[in-house]
Amino acid sequence: MIIGGGLGGLFTGAILAKEGLLVTVLEKNATVGGGLQSFRRFGETFDTGMHVVGGMEPGGNIRRICEYLGIADKARLRPVDADCTDELHFLEDHQCYRLAKGKENFIHSLVSYFPDEEDELRAYVRDIFAIADSIDLFNLRPSEDYMTGLPAHALEAASDFIATRIRDPRLRSILAYMNPLYGGMEGITPAYIHAIISALYIHGASRFIGGTGRFADTLADYIRAHGGSVLMGEAVETLDIEDRVVKTVTTAKGHTFTADYVVSDIHPCTLLPMMRGKGFTKAFRTRLEEIPNTYSAFSVYLKMKPETFPYINHSVYLMTRYDDVWHFGDSSKPWPMGLLMMTPPVDDQGPWARTILLTVPMTFDAVKPWEETVTGHRGADYLAWKDDCAERILRLVEQVYPHIRDGIEAVNTASPLTIRDYYGSKGGTLCGFLKDCHNPALTNIPVVTKVRNLLLTGQNINLHGFCGVPLTAINTAEAILGRNTVINHINECTKV
C-alpha cells in the first residue's frame, strides 16, 4: 500500500507492480501526480510546477527506468533547443547568457562571454561530471551502498566548490543559476546536489507535451494494468501501529486497508501526526521536525491571446542581481529576486505560446498571516496580496519582455499555501528537506524505518526532482525485493 500518489509513490508502485506485487495507491486529491499534477483553467491545461526534465534522452537513467517499465514511448516529450537549453537574464547589468547542450558546447557558450575562464570552466565541468559519475544509483550501477565512493569535494558546500574553481564572481553566480530547482543555499547545499542536477541538464533536457499530468496518469494506468488500484479522494488519516508494525491504514472516508508493506510518499512531518501507537522514536520524530525545508514558490499562470507571444523552446531565468542567486531562501531580502519562465508546449505546437508559467522562489514566511486558513476561504486581504505579487512579477518580466501584458488574456496564481495543501508538503517546500553539507547525517533520511513494514519514498528521501525521485523509488522497492534486484533487471532489459 502506498500513501500518496505523487511521482515517488507512482514510480515505487509501478516498479513493485512490475516485480509482481499487488499495489494499492491512496491519493487524497482528485488527481494523481503530486508535483506532476496538471489543472484546467480558462480552457487551457497548466502544470502545477515547472517541469523541464533530464535523464530522458536515449541512454538516460530515467528513460532506462521507463524502458524497463515499458512506458518510455508513452512519455510525450519535446527536447529543448540544443543551441540554447537555458537563457539567463541578469537585470543588474542587462546581460543575457545562452547556454548550449553538451559538455563542449556548454563550455564554449560560456567562454564566449568569459574568454579568460576556459581552463577554469573545463576543470569545473570535469569535476561535476566526476561527482555524478561516482554515484552508483545515479548511474544505475549495482552496489552495496548507493552513496559510497564520492570524491571528498562532493560533500563540501556547492558555493565553495564553484568558488575554488572559478575566479569571476559573475560566472560563479551563472553556474549556480539552477539553485531554484533544488533549493540551493550558499554555504549549505552540498556540491553533489549541484553536480547531479548540473550534469543532468548539460546532457540535455525535455518538456512534457500537453501537461505533466499525462505522465502521472501513465504511471497510474500501469499500476492498474498490473492488477493494482489507484484510489483518488482517499486522504489517509491514521496508521494504527502495534509492535512496530502497521496493522491498518484508515482514510477520512472511514475506509480501512491492510497490507504487508506500507510505503509513505508524503512529507515525513505530514506522516507523523497520522501514526497511532509506538512507531518512530521521540528522537527520530524530533530529528524530522528540526530538519529545515527548502523554500517554496509563488506561481503565475498566464493564458495568452492568440499569436501575441512567441513559443520559446527553452527555459528563461530572470535574476535581479548576480549575488541573489544564492539567497532565494532569505526572507529579509527584497522580493522577487528572480524567476523561472516557461512557455509549455502543446499538441501540434506552433510558433506562438498559448500559456506562460512564471515560478518565483518564495519563503513560507510570506504567507504566515493566512497559515491557518483553508483553500477558498483565505479572505479578501489574501486575494489582494496575491494580486500585488502577480503585479510585481509582471513588472520584473516586462524588463525583458516589455509588451507581454498586451497578450495576456487571463491570470491565475498560486502561493506556498497552495503547494502546502495540495502536495501535503511542510511549509510548502518545493524540494523537500534542505540538504546540509555540514550535517549530512541529519538531512539524509533512509527509506527503511523502525516500523518494520513501513518504508519511505519521495522527494524528501535521498534525491528530489524528476530524476531523483524515481531513483529513490528504486531504493525503496529494493528494500522489499532485495538490494540490486531492480537495478539488475533494468540493466538486463536496457542497453546503454
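The largest nonpolar core of this predicted model holds 101 residues, among which Leu69, Phe215, Leu471 and Ile474 touch the most other members; a nonpolar core is here a set of buried Ala, Val, Leu, Ile, Met, Phe, Trp, Tyr and Cys residues joined through side-chain atoms within 4.5 Å, and buried denotes under 20% relative accessible area, with exposed over 50% and partly exposed in between (1.4 Å probe, protein chains only). The largest share of this core, 10 residues, is contributed by helix H8 (residues 191–203), where helices (H or I, at least four residues) and strands (E, at least two) are DSSP runs numbered from the N terminus. A second, separate core of 32 residues includes Leu91, Trp335, Met341 and Val360. Local features need pLDDT of at least 70 and side-chain atom pairs count only at pLDDT 80 or more, whereas totals for chains, interfaces and linings use all residues. Residues are numbered from 1 along each chain as its sequence is written, and side-chain values use heavy atoms, with hydrogens and water left out.

Phe215 touches Leu7, Phe11, Leu36, Cys66, Ile71, Ala75, Phe208 and Phe466 when residues up to four places away in sequence are not counted, contact being defined by heavy atoms within 4.5 Å. Helix H1 (residues 7–18) and helix H9 (residues 213–225) pack at an angle of about 30°, their axes lying 9 Å apart; axes are lines fitted to C-alpha atoms, for helices over the stretch in contact, and angles run from 0 to 180 degrees between N-to-C directions. The contact involves Leu7, Leu10, Phe11, Gly13, Ala14 and Lys18 of H1, together with Phe215, Ala216, Leu219, Ala220, Tyr222 and Ile223 of H9.

Thr12, also located in helix H1, counts as buried because its relative accessibility is 0%. With residues up to four places away in sequence not counted, Thr12 touches Ile2, Val263, Thr457, Ala473 and Thr476.

An open sheet of five strands has the order S10-S2-S1-S14-S21, with parallel pairing, two strands being paired if DSSP finds at least two bridges between them. Its edge strands, each pairing on one side only, are strand S10 (229–232) and strand S21 (454–456). Strand S1 (residues 2–3) pairs in the parallel sense with strand S14 (residues 262–264) over two bridges, and the bridge partner of Ile3 in S14 is Ser264. Helix H9 packs on the sheet, touching strand S2 (24–27) and S10, and the direction of H9 makes about 130° with that of S10.
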